[in-house]
Amino acid sequence: MTTNIDERRTLPANGTALAAFLAAGIGAFGMGLVVILNEVGLFTAPTLYAPAGGVSGRTTLAAVIWLVAWAVLHRRWKDRSPEPGRVHTATLILIALGLLLTFPPVWALL
């Protein structure tokens with residue numbers, strides 16, 4: 001039995017896993033964005049739990065952003081195989097930006 005050299009081994013779709021990675025980055029960036037918008041005074045998240053104050057609304061909104069991003073990306077990528085390197089790079093950049101935006105010294109620059 002001979003094999004054709006042109007036959008390519010197909011890899012399973014990894015879109016669902018990569019959707020989870022990218023959604024985590026989007027959620028982290030969403031948290032940073034919500035914090036900056038709150039500090040600038042453009043958006044005030046409601047207090048959902050009084051002892052925690054406004055942070056309860058900000059973290060809940062970030063979790064909603066993460067879940068929506070995950071649902072949308074999962075639906076779009078479930079049968080695809082996006083480039084893992086690009087997705088991981090974008091995820092790391094979004095996480096770094098989200099983390100940076102939550103630090104008070106960054107708020108002082110605004």
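Hi everyone, thanks for coming. Please keep in mind throughout that this is a predicted model. So let me begin with confidence. The mean pLDDT of the chain is 88, and 90% of the residues reach 70 or more.

Now the overall picture. The chain has four helices and zero strands, and reading along the sequence you get α-α-α-α. The radius of gyration is 19 Å, whereas the globule rule gives 13 Å for 110 residues, so the chain is more spread out than a compact globule. You can also see that in the dimensions: the C-alpha trace spans about 70 × 30 × 20 Å along its principal axes.

How much of the chain is buried? Buried residues account for 27% of the 110. The accessible surface comes to about 7,800 Å², and carbon and sulfur atoms contribute 66% of that. On the charge side, there are 8 positive and 5 negative side chains, and the centres of those two sets lie 7 Å apart.

If you take contacts between residues at least 6 apart in sequence, 79% of them join residues at least 24 apart. Let's look at some individual residues with that in mind.

First stop, Gly15. This glycine sits in helix α1, and its relative accessibility is 0%, so Gly15 counts as buried. Which residues does Gly15 touch, once we leave aside neighbours within four places in sequence? The answer is Trp77, Arg80 and Pro82. Also, the C-alpha atoms of Gly15 and Glu83 are separated by 9.1 Å, although these two residues are 68 apart along the chain.

Next, over to Thr91, which belongs to helix α3. Thr91 has a relative accessible area of 6%, so this residue is buried. Leaving out neighbours within four places, Thr91 is in contact with Phe21, Leu22 and Gly25. For a C-alpha distance here, take Thr91 and Ala28: they are 63 residues apart in the chain, and 9.2 Å separates them.

Back to helix α1, residues 15-40, for Asn38. Is Asn38 buried or exposed? Asn38 is buried, at a relative accessible area of 17%, and the cut-off for buried is under 20%. Beyond its neighbours within four places, Asn38 has contacts with Phe43, Thr44, Ala45 and Arg58.

Last one: Thr59, in helix α2, which covers residues 55-77. With 37% relative accessibility, Thr59 counts as partly exposed.

Key. Residues are numbered from 1 along each chain as its sequence is written. This is a predicted model: local features need pLDDT of at least 70, side-chain atom pairs count only at pLDDT 80 or more; totals for chains, interfaces and linings use all residues. Side-chain values use heavy atoms; hydrogens and water are left out. Helices (H or I, at least four residues) and strands (E, at least two) are DSSP runs, numbered from the N terminus. The radius of gyration is taken over C-alpha atoms; the globule rule is 2.2 Å times the number of residues to the power 0.38. Buried means under 20% relative accessible area, exposed over 50%, partly exposed in between (1.4 Å probe, protein chains only). Contact means heavy atoms within 4.5 Å. Accessible areas come from the Shrake-Rupley method with a 1.4 Å probe; for residues, only the protein chains shown count as cover. Lys and Arg count as positive and Asp and Glu as negative; His and the chain ends are not counted. The place of a charge is taken as NZ of Lys, CZ of Arg, CG of Asp or CD of Glu. pLDDT is the predictor's confidence in each residue, from 0 to 100.
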